[in-house]
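This report describes the architecture of one protein chain and the packing of its secondary-structure elements. The structure is shown below.

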Amino acid sequence: MKESFFIKLVKYFYGINRPFDEFTRSIINEAGNKIAIWLIVYLLVSSLASLVIGNFYDNSNVAFGLMFSNITAVLIALLYMNAVVHRHGLGEYDYDDDTERKIAIRSYFIQNIIALVCIIIFLVCLTLFLGADFGFIFFTVYTILYLFIIYLGYRRKFK
C-alpha cells in the first residue's frame with residue numbers, strides 16, 4: 001500500500017524507519033486530522049481577531065502579535081504530534097543495520113535543529129512583542145545550551 005505524503009513526512013521527521021501497520025497509520029492520520037482541524041479554526045479566528053484589533057492598534061504590533069501566536073500554534077501542533085508518536089512507541093526501534101541507524105540519527109538532528117530554529121524565532125518574536133532587550137548573549141547561551149542538550153539526547157538514544 002502506498003504511503004501518503006503526511007505519513008512519509010512524519011516518518012522522516014521523527015526518525016521512524018519501520019513500516020506502519022493499519023492501526024498505526026490510522027493513529028497518525030487521526031492525529032494529523034485533529035491538528036489540521038484545530039489549525040484551520042485557529043487561523044480563521046486569529047485572522048478575524050487581527051482584523052478587529054488592527055482597527056484599534058498599530059498594524060505593526062498586530063503583525064508581530066500574529067506572528068508570535070502563529071509560531072506558538074505550530075509549536076503546540078508539533079508537540080502534540082511528538083506526544084502521539086512517543087505515546088505509541090513509534091520512535092523506539094532496534095536497527096537492523098548501520099544505514100537505518102544513520103538515517104535515524106540524521107532525522108534526530110534535523111528534528112532538533114528545526115525545533116531550535118522555531119524556538120529562536122519564537123524568542124525573537126517574544127522579544128519584539130514585549131519590547132524587552134534580551135541581547136545577543138541570551139540567544140548565544142540558549143543556543144549553546146540547547147545544542148548541548150541535543151548531544152546528551154543523542155548519546156542517550158543512540159549510544
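How are α3 and α4 oriented to each other?

## Packing of α3 and α4

In this predicted model, the axes of helix α3 (residues 59-87) and α4 cross at roughly 150° and come within 9 Å. Angles over 145 degrees count as roughly antiparallel, and α3 and α4 are therefore roughly antiparallel to each other. The crossing in which α3 passes α4 is left-handed.

On the α3 side, the contact is made by Asn 61, Phe 64, Gly 65, Met 67, Phe 68, Ile 71, Thr 72, Leu 75 and Asn 82. Their counterparts in α4 are Gln 111, Cys 118, Ile 121, Phe 122, Cys 125, Leu 126, Leu 128 and Phe 129. The residues of this contact comprise twelve nonpolar and five polar, with no charged ones.

## Helix α5

Helix α5 covers residues 135-158, 24 residues in total. From first C-alpha to last, α5 reaches 35 Å, close to the 34 Å expected at 1.5 Å a residue.

Buried positions in α5 are Phe 139, Tyr 146, Ile 150, Gly 153, Tyr 154 and Phe 158. Helix α4 (98-130) is among the elements that cover these buried residues.

## The chain as a whole

The protein chain contains five helices and zero strands, giving the order α-α-α-α-α from the N terminus on. Its C-alpha trace spans about 60 × 40 × 20 Å along the principal axes.

Of the 159 residues, 31% count as buried. Among contacts between residues at least 6 apart in sequence, 73% join residues at least 24 apart.

Notes
Residues are numbered from 1 along each chain as its sequence is written. This is a predicted model: local features need pLDDT of at least 70, side-chain atom pairs count only at pLDDT 80 or more; totals for chains, interfaces and linings use all residues. Side-chain values use heavy atoms; hydrogens and water are left out. Helices (H or I, at least four residues) and strands (E, at least two) are DSSP runs, numbered from the N terminus. The expected span of a helix is 1.5 Å times one less than its number of residues. Buried means under 20% relative accessible area, exposed over 50%, partly exposed in between (1.4 Å probe, protein chains only). Contact means heavy atoms within 4.5 Å. Axes are lines fitted to C-alpha atoms, for helices over the stretch in contact, and angles run from 0 to 180 degrees between N-to-C directions. Angles under 35 degrees count as roughly parallel, over 145 as roughly antiparallel, 65 to 115 as roughly perpendicular and the rest as oblique. A crossing is left-handed if the near helix is turned anticlockwise from the far one by less than a right angle, and right-handed if clockwise. Ala, Val, Leu, Ile, Met, Phe, Trp, Tyr, Cys and Pro count as nonpolar, Asp, Glu, Lys and Arg as charged, and the others, Gly among them, as polar.
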